[in-house]
Amino acid sequence: MALLLLLLFSLFIGYYAHRRGRNTILWTLLSILISPLLAGIILALLKDKRVQENISELRFEQEQLRDRISGDEKLTDMRFRDLDAKLGSSNPAAKLTQEASPQEIPAISQDIKYCPKCGTSCQKDDKFCPHCGARLERGDINEQ
């Protein structure tokens, strides 16, 4: 009867080892040799291999996504450069990839002014910026 209980507990340790990503047969044999209780304690103290494998798979997928995104960014930059070359450098609309400050953009209307903090266009009579809330002083306003 004691041998049957030892074998039953050893099989349980083997199943538990399998659930934690360990070798079922080796842990079953080890629990028969040293005792199922001691083997179970040792197994519980060891890290779960499946969790470590999942983490490494997620890191690999994350690295692949980063590579794909950087490749897409390079392709988009190349397309913009080609588009700029086709439109010609004399055309002001051809500078699609360059950052333009509010001072470089001509005002469409005489009723537009720009916030000195964030560069958002505001109405001439605004006292505060609608975007950042900065006070628009008469001397600080960048008008076009």
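This is a predicted model: local features need pLDDT of at least 70, side-chain atom pairs count only at pLDDT 80 or more; totals for chains, interfaces and linings use all residues.

Directly after helix H2, Ser 35 adopts a positive phi of about 140 degrees. Ser 35 has its positive phi although it is not a glycine. Its place in the chain is the loop between H2 and H3. Is Ser 35 buried, exposed or partly exposed? With a relative accessibility of 24%, and the cut-off for buried being under 20%, Ser 35 counts as partly exposed.

Ile 34 belongs to helix H2. Its relative accessibility is 36%, so Ile 34 counts as partly exposed too. Leaving aside residues up to four places away in sequence, Ile 34 touches Ala 39 and Ile 42.

Which residues of H2 are buried? They are Trp 27, Thr 28 and Ser 31. These three sit on the same side of H2 because they cover an arc of only 105 degrees around the axis. The buried residues of H2 pack against H1 and H3, the latter spanning residues 36-45. On the face turned away from that buried side, H2 carries the exposed residues Ile 25, Leu 26 and Leu 33.

H3 can be described in a similar way. Its buried residues are Pro 36, Ala 39, Gly 40 and Leu 43. They cover an arc of only 100 degrees around the axis, and therefore lie on the same side of H3. H1 and H2 are among the elements that cover these buried residues. The face of H3 turned away from its buried side holds the exposed residues Leu 37 and Leu 45. Ala 39, one of the buried residues of H3, is also one of the residues touched by Ile 34.

| Helix | Buried residues | Exposed residues on the face turned away |
|---|---|---|
| H2 | Trp 27, Thr 28, Ser 31 | Ile 25, Leu 26, Leu 33 |
| H3 | Pro 36, Ala 39, Gly 40, Leu 43 | Leu 37, Leu 45 |

**How H1 meets H2**

Now for the partner that both helices share. The axes of H1 (residues 2-19) and H2 (residues 24-34) come within 8 Å and cross at roughly 145 degrees. H1 passes H2 in a right-handed crossing. On the H1 side, the contact is made by Leu 6, Leu 7, Ser 10, Leu 11, Ile 13, Gly 14, Tyr 15, Ala 17 and His 18. H2 contributes Thr 24, Trp 27, Thr 28, Ser 31 and Ile 32. By type, the residues of this contact divide into 8 nonpolar, 6 polar and no charged. Trp 27, Thr 28 and Ser 31, which take part in the contact, are the buried residues of H2.

**The wider setting**

Stepping back, the protein has 4 helices and 3 strands. From the N terminus on, these elements run α-α-α-α-β-β-β. Of its 144 residues, 17% count as buried. Among contacts with a separation of 6 or more, 36% come from residues 24 or more positions apart.

Note on methods:
Residues are numbered from 1 along each chain as its sequence is written. Side-chain values use heavy atoms; hydrogens and water are left out. Axes are lines fitted to C-alpha atoms, for helices over the stretch in contact, and angles run from 0 to 180 degrees between N-to-C directions. Helices (H or I, at least four residues) and strands (E, at least two) are DSSP runs, numbered from the N terminus. A crossing is left-handed if the near helix is turned anticlockwise from the far one by less than a right angle, and right-handed if clockwise. Contact means heavy atoms within 4.5 Å. Ala, Val, Leu, Ile, Met, Phe, Trp, Tyr, Cys and Pro count as nonpolar, Asp, Glu, Lys and Arg as charged, and the others, Gly among them, as polar. Buried means under 20% relative accessible area, exposed over 50%, partly exposed in between (1.4 Å probe, protein chains only). The arc is that of the directions from the helix axis to the C-beta atoms.
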